[in-house]
Amino acid sequence: MLNQTIISLGIFLAAAPETAPRPVPLTRPEMKRLIEDVKVRKPRIPMPQLTDADRQALGDRADDYEAVIRHRYTPWVETRRTPRASGPNVEQEPGMTLSYAFKTQLFWIVSRANNCQYCIGHQESKLLNAGLTEDQIAALDGDWSRHTPAEQAAFAFARKLSFQPYAIGDADIQSLRRFYTDLQILEMVISVSGNNVSNRWKEAVAVPQRKDEGGYSRNTDDLSLPRGTYLTPTSTSFEKLISNVAPIIFDTATGVPTRDTISRRPALESRTDVERALTQARSRTARLPLVEENQARTNFAGAAPEGPLPQWVRLLANFPREGTRHLNTIHLADEKSDLSPLLKGQLAWIVARQDGAWYAVGHAYKRLRDAGQTDEQIYALDGDWHEFSPRDQSLFTVARKLAASPVILTDADVANAVELAGPRDVVQSIHFTTSRSLFDRITEAAGLQLEN
């Protein structure tokens with residue numbers, strides 16, 4: 001039995017109802033049309049009224065939708081006037097050896113698998129700036145034969161970790177070891193998991209794309225090439241090529257691919273199967289290297305939590321700079337939001353169950369037990385939620401849909417949650433859910449041993 005959500009592209013483009021998720025474009029021209037459309041989409045969170053102090057703090061970003069809602073509802077997240085340094089010429093953290101262009105290709109594949117049309121657009125621009133041609137980008141979607149076996153293995157892994165995290169196992173990591181070291185695999189896991197955070201945040205709150213985004217690199221001297229639009233020419237060899245990355249379904253009668261948006265996750269396991277899986281997680285051996293505890297504390301320079309370090313912290317300690325950033329993301333989402341400890345535990349459980357992330361399920365279970373929940377109350381989160389309040393149900397729906405696939409969360413889902421829970425709690429629930437999608441993918445790809 002599978003949970004599924006579908007919507008037709010033709011219906012969406014004719015008159016997109018707020019109950020419909022964004023459709024999946026089959027071809028590159030269709031994809032360009034939809035990512036251009038993101039420039040004019042309606043944000044989902046009502047813009048709050050700003051005080052003079054708010055405007056002074058935000059400066060020239062006081063009219064920027066994303067900056068405003070972060071400033072108002074998640075103030076512990078740094079509101080940057082300029083993006084975090086990135087690009088082909090930015091020096092990487094020591095120990096990280098995968099190239100900027102390669103990781104951006106992975107980000108493009110993640111975004112296509114998640115149907116995050118905002119992020120696809122950004123990666124298009126970044127890849128052009130990194131020197132890739134239009135045809136090289138198009139080949140990411142439909143013709144991996146142009147790439148090396150090592151690249152193809154990484155592309156397939158990035159897609160699976162994004163769209164089917166519950167299916168990642170020993171064989172997936174072993175297949176990458178033919179081409180990459182364990183630290184390169186971990187670098188890939190961390191990068192792809194972070195990409196999934198971006199996809200979920202941008203799509204959940206519906207950040208509009210900048211009007212001047214798209215087109216060819218501004219660094220090129222050829223002024224005849226289009227700029228400021230994603231509606232650029234596509235080579236005839238790629239014009240009708242169907243995506244091999246997007247989660248496409250086929251009409252059962254005709255065998256023709258459809259433009260339906262679909263999320264396909266397995267039915268949740270029974271309580272007996274969950275308990276068995278948690279027992280197995282307590283005895284398994286991590287697939288990727290962990291840093292010894294004292295060295296991990298040294299690497300994190302005071303950022304590590306007190307007490308014995310859990311395996312996920314020791315895993316991130318392999319890359320102190322990037323690891324600290326993700327450690328802070330997870331810690332701040334856990335500690336700084338206004339959501340109750342019980343609600344955060346419930347959301348963590350719902351997301352981890354969707355992802356089939358057993359290490360994360362075990363941590364969520366402990367969190368809920370510490371909040372005073374019985375086993376019956378915990379496993380009720382796997383049910384139809386009829387015993388929960390309408391407010392809680394609306395936030396659970398946001399978390400469950402967002403965990404499964406960024407774009408099956410609809411305008412109507414968010415509007416209902418805003419009405420019942422208020423914009424602050426909705427934004428913070430979205431932010432918390434994105435941090436759990438990071439935690440789930442990193443910890444389960446590494447096959448960490450559950451400590452409790």
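**Labels and the values behind them**

Analyst: Cys119 counts as buried at 3% relative accessibility, since buried means under 20% relative accessible area, with exposed over 50% and partly exposed in between (1.4 Å probe, protein chains only). This is a predicted model, in which local features need pLDDT of at least 70 and side-chain atom pairs count only at pLDDT 80 or more, while totals for chains, interfaces and linings use all residues. Residues are numbered from 1 along each chain as its sequence is written, and side-chain values use heavy atoms, with hydrogens and water left out.

User: What makes Phe388 and Phe396 an aromatic pair, and which geometry do they have?

Analyst: Rings of Phe, Tyr and Trp (its six-membered ring) pair if their centres lie within 6.5 Å, and planes under 30 degrees apart count as stacked, over 60 as edge-to-face and the rest as tilted. By this rule there are nine aromatic pairs. For Phe388 and Phe396 the centres are 5.2 Å apart and the planes make 75 degrees, which places the pair in the edge-to-face class. Phe388 and Phe396 are both buried. Elsewhere, ring pairs join Phe102, Trp144, Phe155, Phe179 and Tyr180 into a cluster.

User: How do you know that Arg70 lies over the face of Trp201?

Analyst: A charge sits over a ring if NZ of Lys or CZ of Arg is within 6 Å of the ring centre and within 35 degrees of the ring normal. Arg70 is placed over the face of Trp201, at 4.0 Å from the ring centre. The charged end of Arg436 likewise sits over the ring of Phe439, at 4.4 Å from its centre.

User: Why is helix α7 described as largely enclosed by the rest of the structure?

Analyst: Seven of the nine residues of α7 (residues 134–142) are buried, and this is why the helix is called largely enclosed. The buried residues include Ile137, Ala138 and Leu140, and their cover includes α2, α5, α6, α8 and α11.

User: What makes Gln209 buried, and which side chain does Gln209 join in a polar contact?

Analyst: Gln209, in the loop between α10 and α11, has 3% relative accessibility and therefore counts as buried. A polar contact is a pair of N or O atoms within 3.5 Å; within protein, one must be able to donate a hydrogen and the other to accept it, and residues adjacent in sequence count only if both atoms are side-chain atoms. The side chains of Gln209 and His122 are joined by such a contact of 3.2 Å. A polar atom of the Gln209 side chain also lies 3.2 Å from the backbone oxygen of Tyr118.

User: Why is Ile330 called buried, and what does Ile330 touch?

Analyst: Ile330, in helix α15, is called buried because its relative accessible area is 2%. Leaving aside neighbours within four places in sequence, Ile330 is in contact with Trp312, Ser435, Arg436, Leu438 and Phe439. The C-alpha atoms of Ile330 and Leu438 are 8.3 Å apart, although 108 residues separate them along the chain.

Technical notes: Helices (H or I, at least four residues) and strands (E, at least two) are DSSP runs, numbered from the N terminus. Contact means heavy atoms within 4.5 Å.
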